[in-house]
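Please open the model in your viewer and keep the selection panel at hand. The tour below goes from one selection to the next and says what is there.

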Amino acid sequence: RGPCWSPHPLRVMAVQLGTSRLTPERLKKILASDRRIYYRTPELNEKLHIVHGGYSKLEHLEPFTGLKCLHAENNSFDEIQGLDACTELRSLFLQDNCISHMSGLEKLSNLMTLNLSSNLLCRVEGLANLPALESLNVSKNRIGLEGVHDVVELKTTGVRCLDLSSNRIGAVEVIDEVFSQMPALRVLYLKENPLGGAVSQYRKTMLHKVEGLKFLDDRPVDEQERRCARAFFRGGAAEEREERRRIKDEKEAEHTQRLAAALGANEEAKLRGREKQAMLREDRYDALTDPTRWGDKNRERVRRLEEDWAELEEQRRVARSKLKDDDYILPVSEGTVSDVSVGASDASQDEEEDSSSSPAQQEEQCHFVPPQRSTVRAEQSRSPAPLIRVLVDDLDAMD
């Protein structure tokens, strides 16, 4: 079990309390517990939760061939086993168990996330067959008691996020021999390790030697901090102060350049506006014939509208020509009017009617009402130009 193995209180507790078995009947009961998450058929399930069960052995998972995420934390497992059939597994969570060796992962070639925190690990191993692994959490273990040898296998992996906090890593050589040899490493947690106190200027050293880091321990890493760390290792504190001054000058110059660019864009826009107004004043085209404002479709619409207005005006002209100056409108009764044509042919008939009628009736008939020509004049005064202008403005707004 390795030279650093020793009886651990958690292992003794697991022997005493981890008496539950993960039987097929127990697995069926878990699948039947929540129909919103699980299918009754094991092969169809992509996620499985077997947490806080006190199980002592990871077993009977052969039917779960489509499993992609397994949550098995807070149990009493002392080793990783029973996962050979779960070849599609992407995420495996085994934190808070009693696992002392990283074994049993040989068939999990698609595994991307592995959480083994709060276990009894003394060494990082068994990662050679995990080419897709990107996130590894082995915090709160006992890794690092034997120095670089406990974590040397990490440099052959493509891990991007690594959590080694709360371990026993104190060897300074681990920075040059392991972490700096991991080109894909972007996030690293090393808090609560002896390494932080063993290395002078710990954060600057990490940023200087591990080029790809974007997040270290409790805060992100920006380019300015990295530049200052490099300057510190070039010429000490004086060089770092000079680098900070250069960074400040660069920021001020960038701000001035952006301000000048904004002012220049504003002046250029004003100049273009003045040039446009001057060109419009000298342009020989109007709003309807300007080829830069109107497309063929819009010009066709305006042409059809003008033709419609011309036809309407012709109809009104014909209607007005039929009205003669000697045509009058006589009110026959209340609310109605009648057209009476007084011509030479009807003069004799009118005289006979006037002679036979009473004086009162003759007086009433003599009061003729002239035609309502104000409405005709108003209609004559109408012009399609205002409405065409409104259409032109609407088409401008649509453009």
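## A tour of charged pairs and one loop serine

Select R234 to begin: with a relative accessibility of 53%, R234 counts as exposed, where exposed means over 50% relative accessible area, buried means under 20% and partly exposed lies in between, computed with a 1.4 Å probe on protein chains only. Before going further, note that this is a predicted model, in which local features need pLDDT of at least 70 and side-chain atom pairs count only at pLDDT 80 or more, while totals for chains, interfaces and linings use all residues. Residues are numbered from 1 along each chain as its sequence is written, and side-chain values use heavy atoms, with hydrogens and water left out.

Whereas R234 is exposed, E243 counts as buried, at 5% relative accessibility.

R246 and E243 are 3 residues apart in helix α6 (residues 223-282), so about one helical turn separates them; helices are DSSP runs of H or I with at least four residues, strands are runs of E with at least two, and both are numbered from the N terminus. R246 itself is partly exposed, at 28% relative accessibility.

Now move to helix α7 (residues 296-321), where R303 and E307 are 4 residues apart and thus separated by about one helical turn. R303 and E307 form a salt bridge, with 2.3 Å between the closest N and O atoms. R303 counts as partly exposed at 35% relative accessibility, and E307 likewise counts as partly exposed at 44%. Returning to E243, select the network that salt bridges with shared partners make by joining R227, R234, E239, E242, E243, R245, R246, D249 and E250. The structure holds 26 salt bridges.

For the last stop, select S166, which lies in the loop between β6 (161-163) and α3 (173-177). Is S166 buried or exposed? S166 is buried, its relative accessible area being 19%. Leaving out residues up to four places away in sequence, S166 touches K140, N141, K191, E192 and N193, a contact being heavy atoms within 4.5 Å.

Notes:
A salt bridge is a side-chain nitrogen of Lys or Arg within 4 Å of a carboxyl oxygen of Asp or Glu.
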